[in-house]
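Let's take a walk through a protein model and see what holds its parts together. Have the structure open as you read.

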Amino acid sequence: MENFTSYNPRFINRLKTMEVSAGSLKIGNFYPVRIQTMTTTDTMDTIATVNQVIKCVEYGAELVRITTPSLNEANNLVEIKKRLQRLSCHVPIVADVHFTPGVAEVAARIIEKVRINPGNYADKKKFELTEYSDSDYERELERVCKKATPLLKICKEYGTALRIGVNHGSLSDRIMNRFGDTPMGMVESAMEFLRFAEAVGYQNIVVSMKSSRPKVMVEAYRLLVSVMIAELGHCYPIHLGVTESGSGVPGRIKSALGIGSLLEEGIGDTIRVSLTEAPEFELPVCRELVSKYAAVSHSADTLQVPDSVRQPYIVTAPGKLRSINGRKEPLVIADLSGIDSFGPEHLAMIGFSHIADSNTWESANTAPDMIYLRDVPIIPIPPDLKVIVPGEIWSGYLAVNNIYPLWSYEQFSKGLCRNFQTAFIEMDVEELPGFATRRIAADEARPDVVLKIDDLQAVVKLKELLRHTPGLLDNIPVILKCSASLPEGDPLIIHYVACLGSVLLEGCGDGIWLRYAGGAGEVKRIKELDLAAFGILQATHLRIFETEYISCPSCGRTLFDLEQTTERIQQATGHLKGVKVAVMGCIVNGPGEMADADFGYVGSGPGRINLYKGKDVVLRNVDSDSAVSSLIELIKASGMWEEPFKKP
């Protein structure tokens, strides 16, 4: 048997997985990472669905998923396939099935791949607490196996691929009550179906572990790989995705954080970026992510699977920036070094407003904690805003007016900088060990680190360094600085997330400093980078600055205009710091995936909305025209509303 134990979360080695076929498309076994999306049309509208599939293929989709809620839609896949073939479009189609095993069995005879969710394929989620004895649990497994086996045999007979797609929010009550709302529960939900499949000799399978929380998703995938290798001796291909990630920059950050962290480790054979946008807009983000990690080695050299796979995160003692800021949450530093003449308009750009009548300042949730300038500011600045300048400029000011120096590692090593209580030392990863040694040796030297992480190689070096040098950064505050000169939009955002996201997930980093090094247009990107820094911290749950949205990407089941409605809800509630709002098109993942949300907006029928507070339905069948206003009233009645920040 082939050796599949080539997984190590600290090396960029592509994970060896089995080879799976979806029609003529090969997945896994070191084939390129495949990108896919899902239609949002009514599956019974054959022409609209075919047109959208073709459009997605034109944007690069290698698989296209189509919602298949009933036998009518399953049977209509025949006509959809015929029309696509007549138009010379031979992309593999994936039928997305929930709740109804018979529908999956019909679809498996028609198209190349079926996706099922084990949480609702043979189980139902009622949010009921039931104690299962071992014998009760075994009886439940026998029942689920009996429901699942016909589909597995049909897929084997017809050569149809199957995705066992676990969603964190739709784990069955049986799994929840035995394993809890945990990554292990997600893994066990998939492993049950893998055991059923292997018992009938069927292996044309892809597995996914989706969650709306990137950290949960990353841990679940790592754990899944470890368990598959340990129990089965091989690893099935992995489909990556962050479910209900939302739209715009936040949705891209959240998706890139989860997917990128795993691609960085060589995990992932197919991906989908689930955005609350038209499906074709997901594909450029997919391509950007895949290209970012294209340098991943395809080496099949065997490595022992380390124990750290089950507890994957590096744990480092957080730095203490008390002398600078006093915050317990990570800092955001805005780089304004590209400004020739710093003025009040630049403070306004990053969220600071001066109230002339009272000579006070107001700041937005996204106002940075510190700014970096090339020279000492000569205009009034908010008293809580700290300023960093080059050490040579600072030397005559001695921290007057909240101004602090930034020295290079070379200046530090030569002893050129003083007053280390209020200094930052900028360095590359390779310089960290020497800095730590000097810092410990010199009692008076207590500077903080600005660590340059400008590419993925620096990420790998840092992780290896931390792995081999436990405690290296204990009690050393570290600001992660990332510079880029890429085009604005998706490439720029994904670069920052790729370089910093997985490092932050692993417990390293006390702040973010994003810098655009592209020259022209640097000033106009100041606000974009400020929002990106806060967005990365929000996605890692290290610093919450705005409303958190759990928003599904829409599909043929959606019962209202999800994209426009989500935008309206975001405009009305986006200032509610720390409040979680779920916007779900239907009940497939709604009540489950939004279980930890404060409020939920879920389609209950055409033009009708159910409003939730937590897991409980508060208002049923609200007209969609008034549902957003009703949601706001519900938030106000719950005492969680506050008026938005307005510039005077």
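Let's start with a pair of charged residues: the side chains of Asp96 and Arg65 meet in a salt bridge, with N and O 2.7 Å apart. The term means a side-chain nitrogen of Lys or Arg within 4 Å of a carboxyl oxygen of Asp or Glu. Asp96 sits in strand β5 (residues 93-97) and Arg65 in strand β4 (residues 63-67), so this pair ties together parts that are 31 residues apart in sequence. Helices (H or I, at least four residues) and strands (E, at least two) are DSSP runs, numbered from the N terminus. Both Asp96 and Arg65 are buried. Here buried means under 20% relative accessible area, exposed means over 50%, and partly exposed is in between (1.4 Å probe, protein chains only).

A quick word on where this comes from: the model is predicted, so local features need pLDDT of at least 70 and side-chain atom pairs count only at pLDDT 80 or more, while totals for chains, interfaces and linings use all residues. Residues are numbered from 1 along each chain as its sequence is written, and side-chain values use heavy atoms, leaving out hydrogens and water.

Lys55 belongs to helix α1 (residues 46-58) and Glu280 to the loop between β10 (270-271) and α10 (282-292), so the two tie together parts that are 225 residues apart in sequence. Which of the two is buried? Glu280 is, at 7% relative accessible area, whereas Lys55 is partly exposed at 37%.

Another bridge links Glu79 and Arg83, at 3.2 Å from N to O. These two are four residues apart in helix α2 (residues 71-86), about one helical turn. Glu79 is partly exposed at 27%, and Arg83 is partly exposed at 31%. There is also a network of salt bridges linking Arg222, Glu264, Glu265, Lys463 and Glu506.

**The nonpolar cores**

Now for the greasy part. A nonpolar core is a set of buried Ala, Val, Leu, Ile, Met, Phe, Trp, Tyr and Cys residues joined through side-chain atoms within 4.5 Å. The largest one has 154 residues, and Met209, Leu451 and Ile453 touch the most other members. Helix α8 (residues 214-232) gives this core its largest share, twelve residues. A second, separate core has 18 residues, including Val579, Val581, Ile609 and Leu634.

What does Ile453 touch? Leaving aside residues up to four places away in sequence, its partners include Val429, Leu462, Leu480 and Cys499. A contact like this means heavy atoms within 4.5 Å.

**Two helix pairs**

Two packed helices are described by the angle between their axes and the distance between the axes. The axes are lines fitted to C-alpha atoms, for helices over the stretch in contact, and angles run from 0 to 180 degrees between N-to-C directions. Here are two pairs to compare.

| Helix pair | Angle | Axis distance |
|---|---|---|
| α8 and α9 (residues 248-263) | about 20° | 9 Å |
| α15 (residues 456-468) and α16 (residues 490-505) | roughly 20° | within 9 Å |

Angles under 35 degrees count as roughly parallel, over 145 as roughly antiparallel, 65 to 115 as roughly perpendicular and the rest as oblique. That makes α8 and α9 roughly parallel to each other, and α15 and α16 are roughly parallel to each other too.

At the contact of α8 with α9, the residues involved include Met217 and Tyr221 of α8 and Ile259 and Leu262 of α9. Across the gap in sequence, Pro214 and Ala256 are 42 residues apart, yet their C-alpha atoms are 9.1 Å apart in space. In the other pair, Leu456, Val459, Leu462 and Lys463 of α15 meet Ala498, Cys499, Ser502 and Val503 of α16.

Most residues other than glycine have a negative phi. Phe99 has a positive one, near 75°, and its place is in the loop between β5 and α3 (101-107). Phe99 is partly exposed at 39%. Asn621 also has a positive phi, about 55°, but it is found in strand β25 (residues 616-623). Asn621 is partly exposed, at 40%.
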